[in-house]
Amino acid sequence: KAEILKTLPLRNKKILITAGPTYEAIDPVRFIGNHSSGKMGVAIAEKAALLGAEVTLVLGPSSVPISDKSIEVVRVISANEMYEAVHQVFEQVDIAIFSAAVADYRPAQIATEKIKKKESTLTITLEKTKDILASAGLIKKQQFLVGFALETQNELTNAKKKLEKKNLDLIVLNSLRDKGAGFKGDTNKVTLVDKDNKVTPFEVKSKADVATDILEHIITKIHA
Ligand code: CTP
Ligand code: CA
């Protein structure tokens, strides 16, 4: 057993992972959400735990099952709740991986009663949410900070811009173009971009194997 423990590469490492969508309330029965399933982030959390890490998973509304009992799961609904949960633990972690599909905008007002059907159009004013990842980039010290980027055009250029702007060590570019990639399925195709601009593309794989690729890359960087 002691021998096995020695080989666990993330032993004694604290990892924070955000995953899933956020739901932004419009009224007591409606929300603005997105199609993120949370599968990619949960796969990273499970794999990190297997590799010996102490994992906190801040998870938006998602029905993906979590099997590893050692993972501390903090369930949140909105971008604002996710922001609060992240900052409860961010200072203490060694690695933070932000895979959540956070809403960029939320209704400026939440109606206290269910909105009734009236005119032929309805306008809802939206306001920006806080950028959780950027806020972590601003205060990071020892943390190895990883973001995700979902792009449909100028993918690499935009991913690199996000990496710089948010002060990241690594960004995971999610390809929506390729078959087998994206939000809902069990497979994904990613390209890793390091802060020194090194680009590492991967093939389409199961989300579990993509999780392994991402974590192995991080482990190599941390030990370098
Ligand atoms: N992110 C976050 N908080 C937000 C928005 C995004 O933490 N309010 C994080 C995501 O979890 C992801 C990264 O920022 O790791 C990039 O998200 P993405 O939606 O690709 O980029 P944005 O910066 O929101 O820019 P845009 O949607 O305009 O491309
Ligand atoms: Ca966004």
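This report walks through the overall fold, the core, the ligand surroundings and some individual residues of a predicted model.

## Overall fold

Let's start with the whole chain. The protein chain is built from 6 helices and 14 strands. Its radius of gyration is 18 Å, close to the 17 Å that the globule rule gives for 224 residues, so the chain is as compact as a globular protein of that length. Along the principal axes, the C-alpha trace spans about 65 × 40 × 35 Å.

Two further figures describe how the chain packs. Of the 224 residues, 38% are buried. Among contacts with a separation of 6 or more, 62% are between residues 24 or more positions apart.

## The nonpolar core

In soluble globular proteins, nonpolar side chains tend to be buried together. Here, the largest nonpolar core has 56 residues. Ile-15, Ile-44, Ala-48 and Met-82 have the most contacts inside this core. Helix α2, residues 39-50, supplies the largest share of the core, with 7 residues.

Leaving aside neighbours within four places in sequence, Ala-48 is in contact with Leu-10, Ile-15, Ala-53, Val-55 and Leu-215. One of these partners, Ile-15, is also listed among the core residues with the most contacts.

Which lysine sits in helix α2? That is Lys-47, and Lys-47 is buried because 23 other C-beta atoms lie within 10 Å, where 20 or more are needed. Leaving aside neighbours within four places in sequence, Lys-47 is in contact with Ala-208, Ala-211, Thr-212 and Leu-215. Lys-47 and Ala-208 are 161 residues apart in sequence, yet their C-alpha atoms are 7.4 Å apart in space.

Lys-13 lies in the loop between α1 (2-7) and β1 (14-19). Lys-13 is buried too, with 20 other C-beta atoms within 10 Å. Not counting residues up to four places away in sequence, Lys-13 touches Ala-53, Glu-54, Asp-94 and Ile-95. Lys-13 and Ala-49 are 36 residues apart in sequence and 9.9 Å apart in space, C-alpha to C-alpha.

## Around ligand 1

Now for the ligand. A shell of 15 residues surrounds ligand 1, and the closest are Phe-98, Val-102, Ile-132, Leu-133 and Gly-147. The elements that give two or more residues to this shell are α4 (132-139) and β9 (144-151). Strand β9 gives the most, with 4 residues.

What is the make-up of the shell by class? The shell has 9 nonpolar, 3 polar and 3 charged residues.

## Annotated binding-site positions

An unreviewed UniProt entry places the feature "binding site" at Asp-104, Lys-114, Phe-148, Lys-162 and Lys-166. These positions span 63 residues in sequence, and the farthest two C-alpha atoms are 37.7 Å apart, so they do not all gather at one spot.

Two of the annotated positions can be described more closely. Asp-104 is in the loop between β6 (95-98) and β7 (105-107). Asp-104 is partly exposed, with 13 other C-beta atoms within 10 Å. Leaving aside neighbours within four places in sequence, Asp-104 is in contact with Lys-128 and Thr-129. Lys-166 is found in the loop between α5 and β10, and Lys-166 is buried, with 21 other C-beta atoms within 10 Å. Leaving aside neighbours within four places in sequence, the contacts of Lys-166 are Leu-133, Ala-134, Gly-137 and Gly-147. Leu-133 and Gly-147 are also among the residues closest to ligand 1.

## Two asparagines with positive phi

Most residues other than glycine have a negative phi. Asn-167 has a positive phi of about 60° although it is not a glycine. Asn-167 is in the loop between α5 (155-165) and β10 (170-175), and this asparagine is partly exposed, with 16 other C-beta atoms within 10 Å.

Asn-197 also has a positive phi, near 75°. Asn-197 lies in the loop between β12 (190-194) and β13 (199-201). Is Asn-197 buried or exposed? With 10 C-beta neighbours inside 10 Å, Asn-197 counts as exposed, because a residue with 12 or fewer is classed that way.

Note on methods:
Residues numbered from 1 in each chain as written. Chains lettered and ligands numbered in written order. Predicted model: local features only at pLDDT ≥ 70, side-chain atom pairs only at ≥ 80, totals over all residues. Near = placed C-beta within 6 Å. Nonpolar A, V, L, I, M, F, W, Y, C, P; charged D, E, K, R; others polar. Core = buried A, V, L, I, M, F, W, Y, C linked by C-beta atoms within 7 Å. Contact = placed C-beta atoms within 7 Å. Rg over C-alpha atoms; globule rule 2.2 N^0.38 Å. UniProt positions renumbered as here; feature names shortened; annotations may be inferred.
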